[in-house]
Amino acid sequence: MEFTLLWAVLVGVAALLAVLRFAPLPDARKDLGDIVLTAAMIGLLVGRLASMIANGVNPIASPGDIIIVRSGVATGWATVAALAWAIWASRPRWRPALDNAAPAALIGLAGWHSGCLLREACLGPKTDLPWAMRLNGSVVGRHPTELYAAALLLVTGGLLWLLVRSRPHLAGTGLPAGLALAAAGATRLVTEPLRPSLGTGPVAWYALAIVVGLVYGVSRTIRRRTVETETS
């Protein structure tokens, strides 16, 4: 029975909750942890079910495989389900809630990717770079692809935290949440060529996340500035 992916999930959730304790806007922290954690769990469940169905596994006939995260999670459907729940649960002030939670979401994803160390699934194609990692018993150096993704997400999450903390007026504009969604998609997209099976990842979902995130964040910011100009 394979539980290692489940441990990776727990690392991601722990990172998410740790950052939420220091959400950039203190007055928006109330109930944010419960909302985001529930959204993450719902996203994980929906993504797991979607992955099982895509791989021809009947969740009704094999309910145990839902918990044993054996064949991964469909990240696109997981993201859609998590966002839908977060928006519904935090209404009517869902935009400030998402903006405040955006940095933690990226760092939580960084934790998920770094969880590859627990399941020996960090490595990609061959490389002679000095930071190459090797499988047990192998002399072939390989790119630590999942750790690249974790580092990118950690850096972008930290920068976004600083942005919202230093410019609290951005919370509610939609820009932080949009940038977080775009950053998550871009991170997966740029590391896709360094994965063992090129082209097997949901590249269309990654590209969609970048487009939707940027369009949403920029359009909401422009709309808010227009309203402020008209009322001033």
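Predicted model: local features only at pLDDT ≥ 70, side-chain atom pairs only at ≥ 80, totals over all residues.

Reader: Where is T145 found?

Author: T145 belongs to helix 7, which covers residues 145-166.

Reader: Is T145 buried or exposed?

Author: Buried. Its relative accessible area is 1%, and the cut-off for buried is under 20%, so T145 falls in that class.

Reader: What about R134, which residues does it touch?

Author: R134 touches L123 again, along with V139, V140 and G141, not counting residues up to four places away in sequence. The C-alpha atoms of R134 and L123 are separated by 7.8 Å, and the two are eleven residues apart along the chain. R134 is also in the loop between helix 6 and helix 7. With a relative accessible area of 49%, R134 is partly exposed.

Reader: Let me zoom out. How many helices and strands are there in the chain?

Author: There are nine helices and zero strands. Reading from the N terminus, the elements go α-α-α-α-α-α-α-α-α.

Reader: And what share of the residues is buried?

Author: Of the 232 residues in the chain, 42% are buried. The accessible surface comes to about 12,600 Å², and 67% of that belongs to carbon and sulfur atoms.

Reader: What part of the contacts comes from residues 24 or more positions apart?

Author: They account for 67% of the contacts with a separation of 6 or more.

Reader: Where is the kink in helix 5?

Author: At A102, shortly before the proline P103, with a kink of about 40°.

Reader: Why is helix 5 described as largely enclosed by the rest of the structure?

Author: Because 17 of its 21 residues are buried.

Reader: Which peptide bond is cis around there?

Author: The bond from R91 to P92, with omega near 5°. P92 lies in the loop between helix 4 and helix 5. For background, most peptide bonds are trans.

Reader: Good to know. How many residues does helix 2 have?

Author: Helix 2 has 23, covering residues 32-54. Its span from first C-alpha to last is 32 Å, close to the 33 Å expected at 1.5 Å a residue. Buried residues in helix 2 include L32, I35, V36, A39 and G43. Just after helix 2, G56 takes a positive phi of about 80°.

Reader: Pick V36 from that set. Which residues is V36 in contact with?

Author: Leaving aside neighbours within four places in sequence, V36 is in contact with L16, L20 and A101. V36 has 14% relative accessibility, so it counts as buried. V36 and A82 are 46 residues apart in sequence and 8.2 Å apart in space, C-alpha to C-alpha.

Reader: Now the outside. Which residues form a nonpolar patch on the surface?

Author: W7, L10 and L118, with about 300 Å² of accessible area together. L10 is in helix 1, residues 4-20. L10 counts as partly exposed because its relative accessibility is 45%.

Reader: Last one: how far apart are R119 and A8?

Author: Their C-alpha atoms are separated by 7.8 Å, and the residues are 111 apart along the chain. R119 is in helix 6 and is partly exposed, with a relative accessible area of 24%.

Technical notes:
Residues numbered from 1 in each chain as written. Heavy atoms only, no water. Bend = angle between axes of the 7 residues up to and from the residue. Helix = DSSP H or I, 4+ residues; strand = E, 2+ residues; numbered from the N terminus. Buried < 20%, exposed > 50% of the residue type's maximum accessible area, 1.4 Å probe, protein only. Patch = residues over 30% accessible without salt bridge, like charges linked within 9 Å, V, L, I, M, F, W, Y side chains within 5 Å. Areas by Shrake-Rupley, 256 points an atom, 1.4 Å probe, with all protein chains shown as cover. Salt bridge = Lys/Arg side-chain N within 4 Å of Asp/Glu carboxyl O. Contact = heavy atoms within 4.5 Å. Expected span 1.5 Å × (residues − 1).
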